[in-house]
Amino acid sequence: MRVLVTGGAGFIGSHLVEDLLAQGQKVVVLDDLSTGDWANLASVANHRNLTLLTWDVRDAQFLENLLRNVALVYHLAGWGPKQAREDVSGAVSVNVMGTASVMQAAMVNSCRVVYASCSEVYGRPSQQPLREDADSQLGSPSEPVWAFAAMKLMAELACLSCAERGLPVTILRLFDVYGPRDRSGLTSALLAWKSDGVGVESLPRSLLYVSDAVDALVLAGHCELAAGEIVNVGWNRPIPGMERAAGGVGVPDTRKAERLLGFAPRVDLEEGLALTRIKGRWDALK
Amino acid sequence: MSRALITGGAGFVGSHLAEYLLSQGHEVAIIDDLSTGRLENIWHLRDNPRFHFAIDSISNEIVMDRLGSECDIIYHLAAAVGVEMIVHSPVHTIETNIMGTASVFRVANRYRRKVILTSTSEIYGKSDKVPFAEDDDRVLGPTTRSRWSYSTSKAVDEFLALAYWKERGLPIVIVRLFNTIGPRQTGRYGMVVPRFVGQALANKPITVYGDGTQSRCFADVRDVVRGIHGLAECAEAEGQVFNLGSTREISMSDLARLVISVTGSASEIVYVPYDQAYETGFEDMRRRVPDISKVKRFIGWEPQIPLEESLRAVAEDIRAHGGNSPSGLRTGDGPA
């Protein structure tokens, strides 16, 4: 059986695909390249266990057929906060209806699903650290900046409604992931802060290197106990030099990830940024 | 005179809006797939030459395209409604409330038609602020409770509407309805007033969920449709969000007593814990009061019909039509 990664040509998706292939899995990548890029998969492009499909995740019928030979789906396809703010209706279509179409196809074929959600669903919470069962405090719809969080919540609700009907679905709330190939602007802001020491206030309080995010995704894909669960995935310790950081939604309570998935992040910011620089140069060479 | 298209026009609010617009001399077309709307709600309008209806889904783009091309303004009311309905069917909520709305806006934009989007006080979630102003934060419980899927789906609808206004200049108005009552409302989807009145008329125990101190404000649907139309006709209201509802607060216990006195019923009041009425861990709001200063400032709207009169109208309707339901009043649908 194969593993499907939607959005597999994107930032986190491409790292996940590399990892799955290294484990010897057969991987299918579905990406419409609206925000992803096949160049992100250059290092594995000719791998015999990899199938690349340039297609739209909203095509429910196509997905239904595709999932016949798939045991596990990592649903990562979606637009980020910036694009969602700029084109709300496009983002609703991809992030909400795209997820509904994946879930529908997974229901028909009884596939395990891991959905990549994000910390933005907590909004601007009043208490820290953030536990998975915390309330979401979101701004009014007259501010488009809140559209992204509303879409992610709706997608989570769609996943959970399938979980209630017996589908093994796990939702990971990823807290500010950085690393090579990140085009959200976070990684470049981090590197800029490291070199000129300015702008720390707007950086997130919790930062997760992409290989740690990939580890959590892989663990969630094999964890029976995590079915129907929402799990925070992020860095929960103080980061030296970043005491004045005030961006992001806050710091995750990570006990559930430790308990259910046996997951704890391993790469600290120093090492993560060093790896980002090295890998960035490596990618540029190829 | 204009030609209005009402989606969800066979529903409770939709049918009153159709009636009101016809009385104002407008031409009215409705589309309704009768999933929650009922033919009986509009049957009395069928001989009016200015009234047209299509029994179809708003996701049928061919039908919507024709209806959109033939109207001047779209009142988008079609939605999966009511708390009980939503708790039990979140996937249906996405299909009806988000995909349906997206398709309405695509058509509206194609023909550049103004859209009045009806939204809900559920938008504010479980926030304990009193009263709710339009720009207030939304506070939702954890997503493990499908309780919040109605609120979330309508928020996504609002983001869509405002994006069409900001990004493409499509004229839109968002109207957040608070508790609305009146003839033809059914108790089938957890609505409290028709349930209480139905129980009172049958001299059966009136079932109050929780301890009965939670309160709501009930506006008469005839006041509400007048407000919706007023906002639709107001050019300054475009791109804006409005609360529309009553500010007279009443606790569920007092409401039960008032229903008993208005109907002259012999019913007693029985309290049922939330856990028995809804799924375990159900979160209800203690109070839900709209700040209606904005709609007052824009169009001078205020509710006029007192609660007692609305309750009398509801009771009369249920006596005459059995709640307008072909199978008679269905008070037994909510857990008892």
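Chain B contains 12 helices and 14 strands, while chain A has nine helices and 10 strands. Here helices (H or I, at least four residues) and strands (E, at least two) are DSSP runs, numbered from the N terminus.

Everything here is a predicted model, in which local features need pLDDT of at least 70, side-chain atom pairs count only at pLDDT 80 or more, and totals for chains, interfaces and linings use all residues. Residues are numbered from 1 along each chain as its sequence is written, and chains are lettered from A, with ligands numbered from 1, in the order in which they are written.

The table sets out burial for each chain. A residue is buried if 20 or more other C-beta atoms, placed from the backbone, lie within 10 Å of its own, exposed if 12 or fewer, and partly exposed in between.

| Chain | Residues | Buried |
|---|---|---|
| Chain A | 286 residues | 51% |
| Chain B | 336 residues | 51% |

Contacts (C-beta atoms, placed from the backbone, within 7 Å) can be sorted by separation. Among those between residues at least 6 apart in sequence, 77% in chain A join residues at least 24 apart; for chain B the share is 79%.

The C-alpha trace of chain A spans about 50 × 45 × 40 Å along its principal axes.

On pLDDT, the predictor's confidence in each residue from 0 to 100, chain B averages 89, and 89% of its residues score at least 70. Over residues 83-88 of chain B, however, the pLDDT is below 50, and this stretch has 14 contacts beyond near neighbours in sequence.

Conventions. Contact = placed C-beta atoms within 7 Å.
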